[in-house]
Amino acid sequence: MTETVRVGLIGVGLMGHGIARNLLEAGHRLCFLDHPGNQPVDDLLAAGATAWATGREVAESAEVVILCVTGSPQVEAVLFEAGGVLEGLAPGTVVIDCSTALPSSTARVARRVDEAGGRFMDAAMTRTPKEAEAGRLNLIVGAPAALYAELHPLLESFAETITHAGEVGAGHTLKLLHNFVSLGFSAVLAEAAAASRRAGIDDAAFLEVLGSGGGAGVVFERLRPFVEAGDPSGFRFSVANATKDLGYYRAMTDELGASGDLARAVEGLYAGIADQDRMVPELIALLQAARP
């Protein structure tokens with residue numbers, strides 16, 4: 001891979017915008033798909049990025065196409081629908097899927113990209129939009145070792161920690177495992193915080209006891225601002241996305257024949273929230289008010 005790479009990005013949302021900005025700052029040439037779901041892109045255009053109307057045009061302009069969309073249906077749509085990426089894919093072009101996807105879908109996607117003459121890598125993201133803007137994402141990569149080594153310098157332009165999980169599909173598998181643990185702990189903490197409030201326990205005491213004991217950790221610190229001040233920005237991840245990811249995890253455990261009883265309970269909690277646009281920390285207030 002040359003030092004300056006022509007990159008096409010599909011999905012300039014909360015996470016994708018940070019990826020785009022850091023790619024440009026690293027000196028790469030960037031084009032992206034013009035889409036209503038994008039974050040404001042004036043800064044990207046001013047920095048030299050180009051917007052295209054179709055995935056085909058993005059692929060025609062790129063050596064590497066990065067997908068940063070919601071999930072498997074969206075990945076398959078931008079790749080395979082009329083005017084999609086596969087129509088413009090040149091031999092050897094790399095497709096990097098940074099979305100959270102179902103591993104069985106990832107296997108099908110990788111096969112079709114390979115049949116079209118391209119190469120495929122899943123590079124699922126963890127962390128938040130704040131780290132995306134700072135170029136400090138964590139990536140979990142599924143790819144052949146040679147492709148991982150080739151693309152590592154490019155990934156470093158927008159990621160802080162990059163883990164090679166194994167062959168294609170391993171990145172998405174490990175991402176679902178990670179999100180189950182993260183969202184499961186968020187649900188446990190939210191339910192405990194709601195019960196604490198209904199019991200009349202002072203929030204400061206609750207935070208001190210859990211924060212200096214078994215509740216301490218990354219998720220605890222992300223939810224802390226909501227307990228302290230009703231601020232959900234520490235974990236800008238919607239209940240809808242949580243429900244989607246937990247559904248993928250449950251489907252994966254079903255396909256693997258693995259235990260999934262706890263996953264079904266956690267998924268049910270998130271799926272039962274009427275307003276799926278709320279952020280995960282807001283579960284605390286929603287659960288607190290769940291019973292009169």
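**View 1. Packing of helix H8 against helix H9 in the predicted model.** Helix H8 (residues 170-198) packs on helix H9 (residues 203-211) at an angle of about 140 degrees, and the two axes lie 10 Å apart. The two helices are therefore oblique to each other. The crossing in which H8 passes H9 is right-handed.

**View 2. Residues in the contact of H8 with H9.** From H8, the residues in contact are Leu 189, Ala 192, Ala 193, Ser 196 and Arg 197. On the H9 side they meet Asp 203, Phe 206 and Leu 210. Sorted by class, this contact comprises five nonpolar residues, one polar residue and two charged residues.

**View 3. The open sheet of eight strands.** The strands are arranged in the order S3-S2-S1-S4-S5-S6-S7-S8, and their pairing is mixed. Strand S3 (50-52) and strand S8 (159-166) are at the edges; each has a single partner strand, so one side of each has no neighbour in the sheet. From one strand to the next, the twist averages 25 degrees. Strands of a sheet pair through backbone hydrogen bonds, in either a parallel or an antiparallel sense.

**View 4. Pairing of strand S4 with strand S5.** Strand S4 (residues 64-67) and strand S5 (residues 94-97) are parallel partners, joined over four bridges. Within this pair, Leu 67 stands opposite Asp 97 in S5.

**View 5. Helix H4 across the sheet strands S1, S4 and S5.** Helix H4 spans residues 72-80 and lies across strand S1 (6-10), S4 and S5. Relative to S4, helix H4 runs at about 150 degrees.

Conventions
Residues numbered from 1 in each chain as written. Predicted model: local features only at pLDDT ≥ 70, side-chain atom pairs only at ≥ 80, totals over all residues. Heavy atoms only, no water. Pairing = 2+ DSSP bridges. Axes fitted to C-alpha atoms, helices over the stretch in contact; angles between N-to-C directions. Contact = heavy atoms within 4.5 Å. Parallel < 35°, antiparallel > 145°, perpendicular 65-115°, else oblique. Left-handed = near helix turned anticlockwise from the far one by under 90°. Nonpolar A, V, L, I, M, F, W, Y, C, P; charged D, E, K, R; others polar.
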